[in-house]
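My notes follow in the order in which I looked things up.

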Amino acid sequence: VDFGGFIDSYYGYDFNNPQLLDRAFTTQPARHNEFNINLAYLDARLSADRVRGRLALQAGTSVQANYASEATTGSISGPTLARHLQEAFAGYRVNNRLWIDAGVFLSHIGLESWVSKENWTYTRSLVADFSPYFETGVKATYEWNDKLTTQLLVLNGWQSISENNGSKSLGLQIALNPTDRLALTYNNLLGNEAGSRRRFFNDFIGKLTLTDKFAVAASYDVGWQQSVDKTANTLWQGYAIFAHYQVAPKFALTLRGEQYFDGNQVLVTTNTANGFQTTSASLNADLTLHKNVMWRNEVRGYWSRDPVFPSKNHGLTASDGVAVTSLSLWF
């Protein structure tokens, strides 16, 4: 059993100066003009020949933001306990190629991790923030060979620990590594959400290492959900493109450009004529101070079709920006 932990401290400044200090349309960094903890966790991980598992307990402003919509059904479920369970799963290896895991685990969807140090940028892209970060259920992982791995999942639903309706969701992952420098992944999720409306979500990821110092990555998401009367399907989509350059062994830069289109407000509610249709760009600089300490800095801008971003002096505006600095430690 290996024990570990992670502390991600930050200070973020939102250029719109939101009056209540909560930043909109993001989980990280969630607070304005405030020193705080984005994510802190302690974990225990078991890795053996036939069994595996992880228990990780967490807290932080990203946890508060991301688990706010956790369902409460009955008197013994809901976010009060659920938000502190980053992962709690048990796994058993059926044979040399097949693992079965059950419990609460990090999502199979997305290019970007819930843990900031594992990403090229400090803040998460819009496609990451509006797709599941965690899941609850059972998954079967099959390694066909050293280049192809697949997963099948049966889940409570879209980013939920407590069940919010009477049906379960199905998920699939196909991960292909045709060469040491190229990784391709397809993920999906099919289930009933927003009551009993069918939702089908697709996530496409590509990552290419061009040289020892320069790599690029891209993520494209597209989903459909039944309309309220179930006579049609409503679409949303988004993409993010990354360029990462390792300037020196301990210093790296990452540029990101992205767009998100949810004009019908399937996932992002704005109560405006054009919904959430937003472009964003960011520059991230990382300095590794120690093998277990990283100092990260990022500036990011947002431009939306409608005024959707809270502002202290102007109500809502169509643009926003944020600057954030973070010091993280892991052990």
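**Largest cavity.** I listed the lining of the largest cavity first: G110, L111, E112, S125, V127, A128, S131, D203, S219 and D221. The term is used here on a 1 Å grid over the protein atoms alone: a cavity is a set of points where a 1.4 Å probe fits but cannot get out, a pocket is an open set with protein on both sides within 12 Å along at least five of seven lines, and lining residues have an atom within 4 Å of a point. The volume of the largest cavity is about 50 Å³, where a volume is the space filled by probe spheres set on the points, and grid points are joined across faces, edges and corners. I noted three nonpolar, four polar and three charged residues in this lining; Ala, Val, Leu, Ile, Met, Phe, Trp, Tyr, Cys and Pro count as nonpolar, Asp, Glu, Lys and Arg as charged, and the others, Gly among them, as polar. Both α3 and β11 supply at least two residues each to the lining; helices (H or I, at least four residues) and strands (E, at least two) are DSSP runs, numbered from the N terminus.

**Basis.** The model is predicted, so I kept in mind that local features need pLDDT of at least 70 and side-chain atom pairs count only at pLDDT 80 or more, while totals for chains, interfaces and linings use all residues. Residues are numbered from 1 along each chain as its sequence is written, and side-chain values use heavy atoms, with hydrogens and water left out.

**S219.** I then took up S219, one of the residues lining the largest cavity. S219 is found in strand β11. Is S219 buried or exposed? S219 is buried, at a relative accessible area of 5% (buried is under 20%, exposed over 50%, partly exposed in between, with a 1.4 Å probe and protein chains only). Its side chain makes a polar contact of 3.5 Å with the side chain of D203. A polar contact is a pair of N or O atoms within 3.5 Å; within protein, one must be able to donate a hydrogen and the other to accept it, and residues adjacent in sequence count only if both atoms are side-chain atoms. Neighbours within four places in sequence aside, S219 is in contact (heavy atoms within 4.5 Å) with residues including L111, V127, D203 and G238.

**Other cavities.** I counted three cavities of 30 Å³ or more.

**Pockets.** The largest pocket has about 1,000 Å³ of space. I found 41 residues in its lining, with L106, S107, H108, S113 and E118 nearest the centre. β2 gives the most, five residues. By class the lining has 15 nonpolar, 15 polar and 11 charged residues. The second largest pocket comes to about 670 Å³. Of its 25 lining residues, S69, F130, W158, Q159 and L267 are the closest to its centre. That lining divides into 11 nonpolar, 10 polar and four charged residues.

**Cores.** The largest nonpolar core has 26 residues, and F25, F130, Y260 and F276 have the most contacts inside it. A nonpolar core is a set of buried Ala, Val, Leu, Ile, Met, Phe, Trp, Tyr and Cys residues joined through side-chain atoms within 4.5 Å. β12 gives the most to this core, three residues. Not counting residues up to four places away in sequence, F130 touches F25, W158, Y260, L267, V268 and F276. A second, separate core of 15 residues includes L39, F134, I161 and W330.

**T27.** I looked up T27 next, in the loop between β1 and β2. T27 is buried at 5% relative accessible area. Its side chain makes polar contacts with the side chains of D129 at 2.7 Å and Q28 at 3.4 Å.

**R181.** My last entry is R181, in the loop between β8 (169-179) and β9. R181 is partly exposed, at 37% relative accessibility. The C-alpha atoms of R181 and K207 are separated by 7.9 Å, with the two residues 26 apart along the chain.
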